[in-house]
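Please consult the sequence and the model alongside the text.

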2 protein chains.
Amino acid sequence: MSSEKVKNSLNISSAIRIGVLGFGGLGQAAAKVLAAKQEMILVAAADQKGYAYAAEGLNTQECIATYQSQGSVGYLEPVGTLTTQSIQDVIEIAQPVDGYFLALPNLPNDFIPSVAKEFIKSGWRGVLVDAIKRTTAVEQLLAMKEELQAAGITYMTGCGATPGLLTAAAALAAQSYAEIHQVEITFGVGIANWEAYRATVREDIGHMPGYTVETARAMTDAEVEALLDKTNGVLTLKNMEHADDVMLEVAGICDRDRVTVGGVVDTRNPKKPLSTNVKVTGRTFEGKISTHTFTLGDETSMAANVCGPAFGYLKAGRQLHQRGIYGIFTAAEIMPQFVR
Amino acid sequence: MSSEKVKNSLNISSAIRIGVLGFGGLGQAAAKVLAAKQEMILVAAADQKGYAYAAEGLNTQECIATYQSQGSVGYLEPVGTLTTQSIQDVIEIAQPVDGYFLALPNLPNDFIPSVAKEFIKSGWRGVLVDAIKRTTAVEQLLAMKEELQAAGITYMTGCGATPGLLTAAAALAAQSYAEIHQVEITFGVGIANWEAYRATVREDIGHMPGYTVETARAMTDAEVEALLDKTNGVLTLKNMEHADDVMLEVAGICDRDRVTVGGVVDTRNPKKPLSTNVKVTGRTFEGKISTHTFTLGDETSMAANVCGPAFGYLKAGRQLHQRGIYGIFTAAEIMPQFVR
């Protein structure tokens, strides 16, 4: 067991057993978040080259050190396995995992839906949660509702920060109004060093004018550096294709064209260039127009605002799963449950 | 049917049939909110002296006009009935009601729990929602969980503004943090004329130093006027006994002593003396201390922020009920569903 926490055997047996698929910046942050939780335990982690699985729990620090030094958690002794089909293999081996966080960059756009299909095919039953961004990817997942139901999987989609925490805040804020006119999400992200979040930064570039997700993905690190040099490390993003729109539409709150997502990412400064917020404007039953605002504290990182909600939704999904409620739900429909 | 909306017979048959118990300021506002909804229809209303019930829907304007001119919806022809036990009678008569909003002042403190017991006794099955305020009242209701389960009732408690919308926002905001240090709810209420919300203002006075709910309830209108004259119509409330604390504790978010509720009520000015907000301060997994803030638009009234969420929770409760999930849930656990 890791020295960073003491989970006794009683806690281990009652804790929710978690797998993290993807071990880049987001997956590593997820593992760190789990290290402080009593109610959840990291038992499986997978990256492109391998996976690690230990029923009694993985050591987060060792997983991260191994990944960073050798390029895969599969090198971790004695619990690691190197394989070119790490996701399929970990699903197969780690049947006792209760829920997986899909901390995968969704490149190409149908990658996470294809991973969901692997889970369906495997016969595994449990909870899946993603922090996916794009509308079209969430639409693909929503279309898989009946397959997921039949497979006994409870899938929670769009459960990061945006979409996720901010979408849920918008759904909540909407309650005061008879009609919603506009939902405006504006995020500020500050990261000291873009290389710690290569995939995320490439996804952001994919939203900029003149780029697509595919062209951004194909950029070399030097090309990304060159782009960032031109903008002093700042990426300004407008009218992004973010699934907040379809999620609020499916939840019956407003048409998707009333939802906008944009933001500013500073890749050279951990200080946020602006406070991340969502503004919900509507008309009350008395005919008044007003705006509710939910603002995230500047000291909270993208990792905290994505991974915290993701595990909160995973816990909520597990409660649904235990009641026999399968299928797919978005962050706008379900209240995440706080994980101690 | 009221001219304020056109609900065709198809809509009526699929709409959720709502009863409103209590027809003071809050109950009347609830009826107005419902008048604009397609998914819900007001079929029953009750006050201390009588009730009105019409399976095809009540006319909100007529209900309010009758109540205001004659003192009871029971005078409404031909759908009204005068009775000294209006709640018991309406439950008996109006079995097809899907859900009730208990828009009742909770005086004495066990009044709403006693109403819940009437529902249990009657054999009625459906959804109940309250906008109750006090911690001790919510505790009484939470203790009735098994009785409610056995009765086939899904009870949603603490589903107004605070507790309710703001408690849910706190539960959501908490997700970014590993530990919650403080939840601070501060409300501003502006009402042009306190007499429109007599019961609510008396409940607020009951929270002031030197008063209890019982002494406030016993005050004559002249005595309330005299008190308000001394404070220029402004009531400043601190460390109120609000159920936000027990609701966040039961949801596992933090101990109740970390939750505070206070506010300023201006009884002579519809403009809010301050913007209602909830601040959630915690520590992230990285050890950062930060604060998320959810702020309500000043133009939204207490009525909009209470009745909107209440019906959103009623709709969510109905989904639980239809899945056979009975018992009691708080606003901190369940995402309200937007009612069109």
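A salt bridge is a side-chain nitrogen of Lys or Arg within 4 Å of a carboxyl oxygen of Asp or Glu. Such a pair links the side chains of Arg134(A) and Glu241(A), at 2.9 Å from N to O. Between domain 1 and domain 2 of chain A, the count is 3 salt bridges.

This is a predicted model, in which local features need pLDDT of at least 70, side-chain atom pairs count only at pLDDT 80 or more, and totals for chains, interfaces and linings use all residues. Residues are numbered from 1 along each chain as its sequence is written, chains are lettered from A and ligands numbered from 1 in the order in which they are written, and side-chain values use heavy atoms, with hydrogens and water left out.

Domain 1 of chain A comprises 3–161 + 303–330, and domain 2 comprises 165–297; these bounds come from an automatic or database domain assignment. Taken over C-alpha atoms, the centres of the two domains are separated by 24 Å.

At the interface, 22 residues of domain 1 of chain A are in contact (heavy atoms within 4.5 Å) with 23 residues of domain 2. The area buried between these domains, that is, the accessible area (1.4 Å probe) lost on putting them together, summed over both, is about 2,000 Å². Carbon and sulfur atoms give 56% of this area. Leu107(A), Lys133(A) and Arg134(A) supply 36% of the area that domain 1 of chain A buries against domain 2, more than any other three residues.

Notes: Buried area = accessible area lost by both parts, 1.4 Å probe.
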